[in-house]
Every structure is written in C-alpha cells, then in structure tokens.
Amino acid sequence: MSKEKVQIFDTTLRDGEQVPGCKLNTDQKLVIARRLDELGVDVIEAGFPISSPGDFTSVVEIAKIVKNATVCGLTRAVKKDIEVAAEALQYARKPRIHTGIGTSDSHITHKFRATREEIVERAVTAVSYARTFVDDVEFYAEDAGRTDNEFLARVCEAVIEAGATVLNIPDTTGYCLPEEYGAKIKYLRDNVKGIEKAVLSCHCHNDLGLATANSISGVVNGARQIECTINGIGERAGNTSLEEVVMILRQHPALDLDTNINSRLLYSTSKMVSESMGMPVQPNKAIVGANAFAHSSGIHQDGVIKNRETYEIIDPADVGVTESAIVLTARSGRAALAYRAKKVGYELTKLQLDDVYREFLKFADVKKEVLDDDIHEIMQVCKLGEIRAV
Ligand SMILES: CC(=O)SCCNC(=O)CCNC(=O)[C@H](O)C(C)(C)COP(=O)(O)OP(=O)(O)OC[C@H]1O[C@@H](n2cnc3c(N)ncnc32)[C@H](O)[C@@H]1OP(=O)(O)O
Ligand SMILES: CC(C)C(=O)C(=O)O
C-alpha cells in the first residue's frame, strides 16, 4: 500500500532569502524555482510581494514559469499586502496566499499592543479577504510555539471558518521541544472544530538545533505539510532542512509517510543554492555536507570497504552523491591505504602493504590528508613505483 504523503513547502526563496548576504536577483531566483519544481516540492514560497518592487517582480516571474508546484506569496494580516500578493500571483497555475499574525502573548502585547480579541478579528478579516482572490489560503499563527494552546485552537477554529485551507503552526523562535511541539499539533487535531477541512503545517526554526526533530514530531502527530529550506537556511539559526526531513521519512518506513521529492536531486540542489547565495554548507551537515559520506578513520574505512552499510544508513546515490569517500589520514589503517593505492594503480601484496603503511604514517603525521600524489611519492620512497598497473 502506498504511504501517506507529507507536502513539502519550500521557503528557500522567502525565509531562506531573508538571511543576511543571501539576497538573490530575479534571474537567480528563477533558476532555483525551476530546480525546486523539478525536485518535486509541492509548494514554492516565492517571496513577500509587498516587501520591495524586486521581490514583487520575482514572485510574478516565478508564478509564470513554475509548472507543477503551488506558488505562494507571504503577507501580513494587512489588506494592502494581500492585494499586492494576489496581483503578483495572478499568473500562477496554482496560487496560494500565506497570511497571518502573531498569536503569542509576547507578540500581542509588545508587537501589536493589542488584545487577543483584536488578533482573532484581524486574522479572520485577513483570511476572508485573501479568499476573495484565491481558493488556497494558508494562515500562519506566528510564534505559535510559545502560544497558549487553548488560544491557538480558538484562532485556528476562527480562520478555518473564514476559509483557511492550511494552518501553519510556526515555532518562530525555535523554542519548543519535540514532544511539546508534537503535543501542540495533537492538541489542535483533537480540539479544533472543523480541523479536517485544513492541512496542519510545521514551520520550525533551529535556534536550539531542534527544527528537524520538531517537524518530524509534528508529522508523527498529524501535520501533513513541512515548511523547510534547502540546506536549512533561514532567519537566525535557520529553518528545518528540506533534505533532512525528506530522508528521515524515506529511511524510516515504520513512520509510513513519504514525500514527492526526487531525492537524487538533493545534493546538486544543495550545491546550486549554496553557490547562488554564497552561503557555504558546513562539512558535517547531514545529507549534503562534504563529509556526510566521507570516512577517515581506519576502523570505519575497513568496515565500509567490506560493506558500505556498516557505517552508512543512506546509499549516497539516493541523494545524488557519486560514491562514499575514503579519506586517508593518520587515523587510517592498511585496508584504506590498500583500497586507495589500488584506485591509483598499485596492487600491493601483504608484505608490500606493511612497508608502504609504515612510510604512509610518516606522511600522515605531518599532513592533514594524504592525497593521490602523496601515494605516488610514498611508492617511490618504498621503491615500488614500477609496480603500478597503468
Ligand atoms: C517570522 C517571519 O519571518 S515574518 C516575515 C519576515 N519578513 C520580512 O519582514 C521581510 C519583508 N518585510 C518588509 O519588507 C517590511 O517589514 C514590510 C514592507 C512588511 C513593512 O514595512 P514597514 O511598513 O516599514 O513596517 P516595519 O517593518 O517597520 O514594521 C512592521 C509593521 O508590521 C506590523 N506587523 C508585523 N507582522 C504583522 C502581521 N503578521 N500582520 C499585521 N501586521 C504586522 C508590525 O506591528 C509593524 O507595524 P507598526 O509599524 O504599526 O508597529
Ligand atoms: C511567517 C511565518 C510563517 C514565519 O516565517 C515564522 O513564523 O517563522
């Protein structure tokens, strides 16, 4: 039986692009939007149309070229924002307006200097108004992570009645623990009248490094959309990383959930976004980091050479990485050295390998990494240059 699908809502071009230094021009955004569509994301959040003339144009042009995904524009709970978003999305095959307002006491008191009643009223007015332009309206309850569940349920009920099709429950400040965030989603499922008419969505920030765990906890508890970005970029410590949630769902069949993502495009998409935004990916980043499939210690290398699955839970080909890397360092053993030597043409006997390994350790102790050229040099020192099978 096919697994239930979790919708992937990509906000690389909106929340991701808010990051200092990550701003893109329209042409760059179009290249990424095309790739996201090809990757199989269900929704592309293309921008915040009222934000600037450039962002407006980007949303218009993205709406024109995206073939499969829903194209979404963000707004505040402000009529003018909604009108401008509707105008920017007019060419989209599947347009969505994403509107909302802060619901935590902190936002209500300090940001809006308002009351809970006024917030419910502004939320309902925004959703009803957005529905006069498009059929698909997503509502975000900003700072839902720190919003009291009872009030959050009240807001959700009111906006569903006003026509919201998706309810976004953002942990805007990345505060929640996974169990707490999951319980929040479950509470809404159990207590909001009409909840079956809307899709619950997770939008988790990574301030405590919990964005991915919280999103997974959200879908385990009934959410069916995850908002995420390529490489996890986004405000402050970032958003949920798209590649992580996609691969968690794929690698854990017991969750019985999947996405429409073509995972073989993950690595190249990560590179494309990183290069285009000038935002390097940390080498130890899960799934797409340079070291995600690299092994540099002897015991691991020996295991991987015998059978990849001893130290890898994902086949690198499944995310578009050509092969696992065996990196030679002073922590490598004979198995790794023999493996890499063979790759550059040296088939060593056991005795030869012992000799070469002694010499290798002298190199490795003074270098961070022993490269192919170093292997040739080591063979010369060991007087084995001539055994190379070209
Ligand atoms: C959690 C998030 O990531 S939300 C998205 C964040 N992204 C952005 O802010 C990028 C785009 N933003 C912008 O371009 C600008 O901030 C604009 C165009 C939206 C507004 O600019 P300005 O009119 O100059 O307002 P400014 O940014 O100074 O302040 C924000 C105003 O919006 C209000 N506001 C904030 N969120 C909302 C909301 N969801 N609904 C209604 N009003 C809101 C604030 O209370 C404040 O209003 P005030 O001036 O009456 O106090
Ligand atoms: C606008 C909303 C969805 C957001 O980015 C947040 O709350 O983090």
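What follows is a set of questions about terms, each answered from the model.

Me: How do you know which residues and ligands the names refer to, and what kind of model is this?

Reply: Residues are numbered from 1 along each chain as its sequence is written, while chains are lettered from A and ligands numbered from 1 in the order in which they are written. This is a predicted model, in which local features need pLDDT of at least 70 and side-chain atom pairs count only at pLDDT 80 or more, whereas totals for chains, interfaces and linings use all residues.

Me: What makes Phe360 buried or exposed?

Reply: A residue is called buried if 20 or more other C-beta atoms lie within 10 Å of its own, exposed if 12 or fewer do, and partly exposed in between, with the C-beta atoms placed from the backbone. Phe360 has 26 other C-beta atoms within 10 Å, and therefore it is buried. Phe360 lies in helix α13 (residues 350–366), where helices are DSSP runs of H or I with at least four residues, strands are runs of E with at least two, and both are numbered from the N terminus.

Me: What does Phe360 touch, leaving aside residues up to four places away in sequence?

Reply: Two residues are in contact if their C-beta atoms, placed from the backbone, lie within 7 Å, and with that exclusion Phe360 touches Leu337, Val370 and Ile378. The C-alpha atoms of Phe360 and Val281, by comparison, are separated by 31 Å, and the two residues are 79 apart along the chain.

Me: How do you know where the buried residues of α7 lie around its axis?

Reply: In α7, the buried residues are Tyr181, Gly182, Lys184, Ile185 and Leu188. They cover an arc of only 150° around the axis, which puts them on the same side of α7; the arc is that of the directions from the helix axis to the C-beta atoms. On the other side of α7, Glu179 and Asp190 are exposed. The buried residues of α7 pack against α6 (149–161), β7 (166–171), β8 (199–204) and α8 (211–220).

Me: How does the length of α7 compare with what is expected?

Reply: The expected span of a helix is 1.5 Å times one less than its number of residues. Helix α7 (residues 178–191) has 14 residues and reaches 20 Å from its first C-alpha to its last, close to the expected 20 Å.

Me: What makes the buried residues of α3 a face of the helix?

Reply: In helix α3 (residues 79–88), the buried residues are Asp81, Ile82, Val84, Ala85 and Ala88. Seen down the axis of α3, these residues fall within an arc of 165°, so they line one face of the helix. Their cover includes α2 (53–65), β4 (70–74), β5 (95–102) and α5 (116–131).

Me: Which residues are said to surround ligand 2, and how do they divide by class?

Reply: A residue is near a molecule or strand if its C-beta atom, placed from the backbone, lies within 6 Å of it, and around ligand 2 these are Asp15, Leu74, Tyr140, Glu142, Asn168, Pro170, Thr172, His203 and His205. The elements giving two or more residues to this shell are β6 (137–142) and β7. Ala, Val, Leu, Ile, Met, Phe, Trp, Tyr, Cys and Pro count as nonpolar, Asp, Glu, Lys and Arg as charged, and the others, Gly among them, as polar. The shell around ligand 2 accordingly divides into three nonpolar, four polar and two charged residues.

Me: How many residues surround ligand 1?

Reply: Ligand 1 is surrounded by 15 residues, of which the closest are Phe48, Ser51, Arg76, Ala77 and Ile101; by class, the shell has six nonpolar, four polar and five charged residues.

Me: What are the domains, and how many residues does each give to the contact between them?

Reply: The chain is divided into domain 1 (4–277) and domain 2 (294–387), with bounds that come from an automatic or database domain assignment. The contact takes nine residues from domain 1 and six residues from domain 2. On the side of domain 1 that touches domain 2, α9 (242–251) and α10 (266–277) each supply at least two residues.
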